[in-house]
Amino acid sequence: EIISSEVIKEPVTEKVLQGTADYSNISVKTEKDTYSKDTEEIVYTITNHNPGKGFYYFSLPYVEFYDGESWIRLAYYPPDYHQEAGVWNVCGVEGEPEMEFSTNGIFYPQSVTGGIQDGAYRLVIFVGDTWVSYQFRFEN
């Protein structure tokens, strides 16, 4: 059961994409809605559905668990943490006004401190001055 999908404004320091950024219609999704708790990698895709508009995104996703009442942010230190922490990336191609830009990332569930349990999770991806999330489940 998916609890909610949302885009919420939060202040985040942003670099400017010379008038080509638009964060009003960005989504993130994983390949499946349910994963086994022993899954080693989950590929997620961030897509800007505004043709021709590039975007900045933060390298590492936040990982949250739904405890039945609220989302709890979990400690997550993937294998490339020291290279990726604090890094913003850009996704876009100059001169492609009709293209929807997207990029992939990898979430490593086994890098969540304390392990994975059955239940609802979401990846939170910071894009520009906002964030998007995608929910999925872990089950045995």
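**Close-up views of a predicted model**

View 1. Lys29 sits in strand β2 (residues 26–30); strands are DSSP runs of E, at least two residues long, numbered from the N terminus. This is a predicted model, in which local features need pLDDT of at least 70 and side-chain atom pairs count only at pLDDT 80 or more, while totals for chains, interfaces and linings use all residues. Residues are numbered from 1 along each chain as its sequence is written, and side-chain values use heavy atoms, with hydrogens and water left out. Apart from neighbours within four places in sequence, Lys29 is in contact (heavy atoms within 4.5 Å) with Val43, Tyr44, Thr45 and Tyr134. Lys29 and Ser133 are 104 residues apart along the chain, and their C-alpha atoms are separated by 8.0 Å.

**View 2. The pair of Phe58 and Trp88.** The whole structure holds 13 aromatic pairs; rings of Phe, Tyr and Trp (its six-membered ring) pair if their centres lie within 6.5 Å, and planes under 30 degrees apart count as stacked, over 60 as edge-to-face and the rest as tilted. Phe58 and Trp88 pair edge-to-face, 5.5 Å centre to centre with 70° between the planes. Phe58 belongs to strand β5 (residues 55–58) and Trp88 to strand β8 (residues 88–91), so the pair ties together parts 30 residues apart in sequence. Phe58 has 18% relative accessibility and therefore counts as buried (under 20% relative accessible area; exposed is over 50%, partly exposed in between; 1.4 Å probe, protein chains only).

**View 3. The pair of Phe65 and Tyr121.** The ring centres of Phe65 and Tyr121 are 5.0 Å apart and the planes are at 55°, so this pair is tilted. Phe65 is in strand β6 (residues 62–66) and Tyr121 in strand β10 (residues 119–127), 56 residues apart. Both residues, Phe65 and Tyr121, are buried.

Notes
Helices (H or I, at least four residues) and strands (E, at least two) are DSSP runs, numbered from the N terminus.
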